[in-house]
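Colleague: I'm new to reading protein models. Could you walk me through how to spot strand partners and packed helices?

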Amino acid sequence: MRVTLHSRADRHGLHCHRAIGSARRAPESIEAVKRIRIVLAAILVFSIPVAASLYLARHIARSTEFERVEQLARAVLARTATIALQSQEATQRLQGRTFESPCSPEKLALMWAIDLGSSYLQAVGYIQDDRLKCSSLGDHGEGIPLGPARFVSVIGDSIRPQVRLPMVPDTDLLIAERNGTATVVHPELFTDLVQSTDNPWVGVVSLPDRVPLAVRGDFRPAWHERLPPEGGTARFVDGDRIVVLHRSADWKLLAFAAAPVLREEKRMTALAWTLAPLGAVVGLLLWLALLSHMRATRSLPVVMRAALADDEFFLEYQPIVDLDSGRWVSAEALIRWKRPDGTLIRPDLFIPAAEDSGLIQRITERVLELVCAEAPALFARHPQFRLSINLSAADLATGLVVHRLRELTNQPGIEPHNLAVEATERGLLAVDATRRVLADIRALGIRAAIDDFGTGYSGLSYLGTFEVDSLKIDKAFIDTVGTDAPTSDVAVHIIEMAKTLRLDVVAEGIEHPEQAEFLRGRGVRYGQGWLFAKSMPMPALLAALDSAADGSAGGPVTSVE
Ligand SMILES: Nc1nc2c(ncn2[C@@H]2O[C@@H]3COP(=O)(O)O[C@H]4[C@@H](O)[C@H](n5cnc6c(=O)[nH]c(N)nc65)O[C@@H]4COP(=O)(O)O[C@H]3[C@H]2O)c(=O)[nH]1
């Protein structure tokens, strides 16, 4: 059964962990997943700056191109305004004086002078009944027929956009007329300012009638829909063209320029060749930074969290021996952490890190899940045997563990008398909460012990406030029993204290027969240590217990009997 996450366990209760090795993800597959993750991260970190530089290249190319096209449109409008001004000025000069007749020599001379003096007017003249009677080019007798005006501009000029005069038969000219005074303009003058190899379309359109006055290339009707406000500009891409419409604030005119997008694409490609390598370098630097960050953040808690998900923890059990009979009466469950590469991480390294980082409750939960999966087989064959489980300060402070233990005792094959908890003396700090939690645990029928006794601050009175069944004397004090060390009497004092409080005593870390002998002589009932057995996996514990039942286990203890 899959290990549940803490939150899931909260909602659905304890889930017995599968037996060790039964379905753990193979280290190779974990490594493969990690490698895939790293490769994906590399692709992401590397490709983002490259993509960003390509986007930047496109953005720069486009806005540069829009700038260029807008300048064209503005230049066309400026030229148109200059032409319109010259036309207006010429009309005013001709109409500001009185002449003998509309085509008098005096007036023709003035027309000639105006024509010479203006840079954009091809000719000025006089129109009567749609005929050009005379102009700065001379008296045209009966007059040159022009046909009717196509439209009247908003400033009151009658406009004939495409007129052919006999003097310049191959050229369309634009004639503006006001009260008979005509100004003649070559339409190319509106647009001839554009010096560009990509042949942009440019031109000017009269508003609101939307009549093209001068157009080089094409003005697509759809562009009328994008008309900007007076004095404003509209920029857009229409198929193969980058288009800018620029509307005059003073004249009812719209100038436009539309350049092929090809030029923008060429500009973008050129830019991309510069920016993409730059993006690649940035990506590389980012990747290196990410790598070093990943290394830095792969601190123990980070790795531990992943290890919980990847199922790298398992249990070993160290027997606790009845010093009188030599029988193994219980065992302490000790957590082990094996990395995918086979390295074992010591619990005295990762347990403090788990306690500091708030992961310890998940570790405890994992221990309970493992016990839940492994213990029923043991208790089925040895119903009186007991397993003790280490609890940390956080377990004792929050009390969540009480629910988990209750769930554990509800599992088939696990009885409350089969379980004990060990609370380190350092874990007794949140006194009130711990007292309640220990009482609740004992109320379930589970025994409680104080572990590593002597290393903390517990005095006799302090100890008396907790409901516990036994004390485990820390190895440090067992090491010195029977020696001249200053702490050699501590174990004896603890033993006496425990007798006063009617608590069982377990001596930890017994390595020599003399220690066992000494402790047994002082009335210590239980012992644990390498003299008897090191921690072992459940199958080994079961095998040893089975053979003890046949009368062959517990050998080392006989030497102290
Ligand atoms: N030199 C020597 N060592 C002996 C001898 N007999 C037992 N030991 C070691 O002493 C430790 C006893 O466990 P502990 O005092 O609860 O001390 C434990 C306990 O505080 C913590 N720990 C281990 N498993 C768990 C767990 O599941 N939950 C929590 N919260 N803490 C755990 O890590 C500590 C170290 O555990 P281990 O490395 O397994 O170390 C174990 C055991 O292998 C001996 O004769 N000589």
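Colleague: Let's start with strand pairing. Which residue stands opposite A257 in β12?

Modeller: In this predicted model, look across the sheet from A257 in β12 and you'll find V244.

Colleague: How many residues join β11 to β12 in the hairpin?

Modeller: Five residues link them.

Colleague: And which strand do six bridges join to β12?

Modeller: That's β8 (residues 201–206), again running antiparallel to β12. For a landmark, find W201, which stands opposite A258 in β12.

Colleague: Is β12 mostly covered or mostly open?

Modeller: To judge that, count the neighbours: a residue is called buried if 20 or more other C-beta atoms lie within 10 Å of its own. In β12 (residues 253–260), seven of the eight residues are buried, so the strand is mostly covered. For the chain, buried residues make up 37% of its 561 residues.

Colleague: Now helices. At what angle do α8 and α10 pack?

Modeller: Angles under 35 degrees count as roughly parallel. Helix α8 (residues 360–381) and helix α10 (residues 400–410) pack at about 10°, with axes 11 Å apart, which makes α8 roughly parallel to α10.

Colleague: Which residues of α8 and α10 meet?

Modeller: From α8 there are Q361, T364, E365, L368, V371 and C372, and from α10 there are L400, V401, R404 and L408. Sorted by class, that contact has six nonpolar, two polar and two charged residues.

Terms used: Residues are numbered from 1 along each chain as its sequence is written. This is a predicted model: local features need pLDDT of at least 70, side-chain atom pairs count only at pLDDT 80 or more; totals for chains, interfaces and linings use all residues. A residue is buried if 20 or more other C-beta atoms lie within 10 Å of its own, exposed if 12 or fewer, and partly exposed in between; C-beta atoms are placed from the backbone. Helices (H or I, at least four residues) and strands (E, at least two) are DSSP runs, numbered from the N terminus. Two strands pair if DSSP finds at least two bridges between them. Axes are lines fitted to C-alpha atoms, for helices over the stretch in contact, and angles run from 0 to 180 degrees between N-to-C directions. Angles under 35 degrees count as roughly parallel, over 145 as roughly antiparallel, 65 to 115 as roughly perpendicular and the rest as oblique. Two residues are in contact if their C-beta atoms, placed from the backbone, lie within 7 Å. Ala, Val, Leu, Ile, Met, Phe, Trp, Tyr, Cys and Pro count as nonpolar, Asp, Glu, Lys and Arg as charged, and the others, Gly among them, as polar.
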